[in-house]
Amino acid sequence: MLVSSGISTFPHLGDDLITRQVLDALARYLPDVVPTLLAHPTDAIAERFGCEVATSPAALSAAGNRLSEPGRRSRDLVTQARLMAKGDTPSDPMVAQILAPFAQANALVLAPGGGLASRYSADALMVCTVEALIARAFGLPVFIEGPSIGPIEMRRDHAALAQLLNDSARITVRDESSADAARRIGRAIAPEVVPDPATAAVERLGPQAEVAAEWLRARNVPPERAYAVISLRDGTRDARHLDTVRAAVEALPEHTAPIFLPHCADPNGIDDRRVVTEDPWAAAHLVVWDPSLGDPAAVGLVAGASVAIGTRFHLSVLAEAAGVPAVALVGDDYDRLRIRGLRRSTGVRVVELDRPEAATGAVADLLAGPSPEPGARWDPSRFAAALGAALPAAPKLA
C-alpha cells in the first residue's frame, strides 16, 4: 500500500498527525497490508513514522530539472509506467527505481491535507497528480482522504486537479465547500465529507495526556490552573500581528497560563519558536512547549486547554474535536478557505489577524459561554473498510 501525504523533511504537527492516523488505521484494521510512504527526500522519514519509505516521483523533478514541467513529467513517467506494467524495463535506472514500488503495490492513498491548492502547486498538487497518474497506469485504485480543496488560481492547477479527481476511486474531503469544489472541477464524482484525519488522535490519547500534564506541572501549571494554547507560524506575517495575540492573551482570566505550541520546530528551516524568541513581549509571557515530547503529547496539551488561540490550522481543528474553545486567526484567502469547515462550530470564532479588538471579544465571548461539545472525529474504520474492499484477499498461510 503506497501512502502519499503532506509530510515535510522536518516534523510538522498537523501533517504528521494526518500521516500517523492513516498509518495507524492500516495497522489496526488491515494488518495484512504493508504501508510504504512516498517521500522526497527520504532521510529519517522511516525512523520518524516507523514504516517503509520509497522515493516519490517528485525526486525526478529535482534531478537536473529534467521533468520540472508538469505535462512532460506526466507524459514521461506515465509512458514508462505503462511500459513497465506490460513487462518492459525502463532504460533509465532512476526511473525504474522510482516506479518499482508502484509495480508492487495494490493501491495508492493520497492524504495531502491542505496541499490541493495553487499555493502548493509544485510541492503537493502536481506531485499528487503525477503519483495518481502513475498508479492508474499500473491499474491501482487511488483513494483521496480528507484534504481541503483550494484556492485554485491557475488554469494548469485546475486541469491537474480535475485529472486527479476523475482518476480516483474514492474521494473524501474535510469540508462542504471542498466537496462543492470537487464536484465543480471533477466529472460526475461524489465526494464524501469527513473530519480531518488528525482529529482521530484526540480519540486515543491514553498516557500521552499525562505526559502533557507532567510537563505543565513542572512549569507551575498544575491540573487546577487553566492554560491557553497559542500557535503562530514562523516565516510569515503572523509575527507582525502579535498585537492581536497579545490582546487575546490579556483578555484571558487572571492566572491563566499562556503556552506556545510550535507546530514546526526545525532550527535549520521553519521554526515557529522564532516568533517567540524574536519578540520581547512574547518571550516574557509565553511558555514554549517542548516538541521532543511528541505529537500525541501535543494533542494532549491542546485537549486539556481552556482555550486555543492562533493561526495554525490544526490548532483549531484539534481544539474543536476535543471540545476546547478556539479563536482561529486568519490573514489571507488560503486561511479563510481552510477554516470554513469549522465556522459552524459553536466553539470556534474566526477572527482576522489584524483585528486585536475582535480577538479580545472572541476570547471573552467563548469563555463566558457554555463549554462546546467535542466535534466529530475521523473514523479510521470507515476509511479502512473502503480501502479493504478494493484490495485483493490476503494470501492464506500454508
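Reply: Buried means under 20% relative accessible area, exposed over 50%, and partly exposed in between, with a 1.4 Å probe and protein chains only. This is a predicted model, in which local features need pLDDT of at least 70 and side-chain atom pairs count only at pLDDT 80 or more, while totals for chains, interfaces and linings use all residues. Residues are numbered from 1 along each chain as its sequence is written, and side-chain values use heavy atoms, with hydrogens and water left out.

Me: Is Asn 220 buried or exposed?
Reply: Asn 220 sits in the loop between helix 10 and strand 8; helices (H or I, at least four residues) and strands (E, at least two) are DSSP runs, numbered from the N terminus. Its phi is positive, about 65 degrees, although Asn 220 is not a glycine. With a relative accessibility of 57%, Asn 220 counts as exposed.

Me: What is the phi of His 255?
Reply: His 255 belongs to the loop between helix 11 (242–250) and strand 9. At 57% relative accessibility, His 255 is classed as exposed. Most residues other than glycine have a negative phi. For His 255 the value is positive, near 75 degrees.

Me: What is the mean pLDDT of the chain?
Reply: pLDDT is the predictor's confidence in each residue, from 0 to 100. Over residues 63–68 pLDDT stays under 50, and where pLDDT is low, the predicted coordinates should not be read in detail. In the chain, 94% of the residues reach 70 or more, and the mean pLDDT is 92.

Me: Which residues does Thr 19 contact, leaving aside its neighbours within four places in sequence?
Reply: Thr 19 lies in helix 1 (residues 13–29). Its relative accessible area is 1%, so Thr 19 is buried. Contact means heavy atoms within 4.5 Å. Leaving aside neighbours within four places in sequence, the contacts of Thr 19 are Ser 5, Ile 7, Leu 37 and Phe 49.

Me: Which residues does Asp 16 contact, again leaving aside neighbours within four places in sequence?
Reply: Asp 16 is in helix 1. Asp 16 has a relative accessible area of 1% and is therefore buried. Leaving aside neighbours within four places in sequence, Asp 16 touches Ile 7, Pro 11, Arg 48, Phe 49 and Asp 295.

Me: Which residues of helix 14 are buried?
Reply: Helix 14 is mostly covered, with seven of its nine residues buried. The cover over these buried residues includes helix 1, helix 9 (200–203), helix 10 (208–217), strand 8 (227–231), strand 9 (257–260) and helix 15. The buried residues of helix 14 are Asp 295, Ala 297, Ala 298, Val 299, Gly 300, Leu 301 and Val 302.

Me: At what angle do the axes of helix 14 and helix 15 cross?
Reply: Axes are lines fitted to C-alpha atoms, for helices over the stretch in contact, and angles run from 0 to 180 degrees between N-to-C directions. The axes of helix 14 (residues 295–303) and helix 15 (residues 313–322) come within 9 Å of each other and cross at roughly 65 degrees.

Me: Which residues make the contact of helix 14 with helix 15?
Reply: Ala, Val, Leu, Ile, Met, Phe, Trp, Tyr, Cys and Pro count as nonpolar, Asp, Glu, Lys and Arg as charged, and the others, Gly among them, as polar. By that division the contact has seven nonpolar residues, no polar and no charged. Helix 14 contributes Val 299, Val 302 and Ala 303, and helix 15 contributes Leu 315, Leu 318, Ala 319 and Ala 322.

Me: How far apart are the end C-alpha atoms of helix 7?
Reply: The expected span of a helix is 1.5 Å times one less than its number of residues. For the twelve residues of helix 7 (residues 155–166) this should be 16 Å, which agrees with the end C-alpha atoms being 16 Å apart.

Me: What is the omega of the peptide bond from Gly 150 to Pro 151?
Reply: Pro 151 is located in the loop between strand 5 and helix 7. Most peptide bonds are trans. The bond from Gly 150 to Pro 151 is cis, with omega near 0 degrees.
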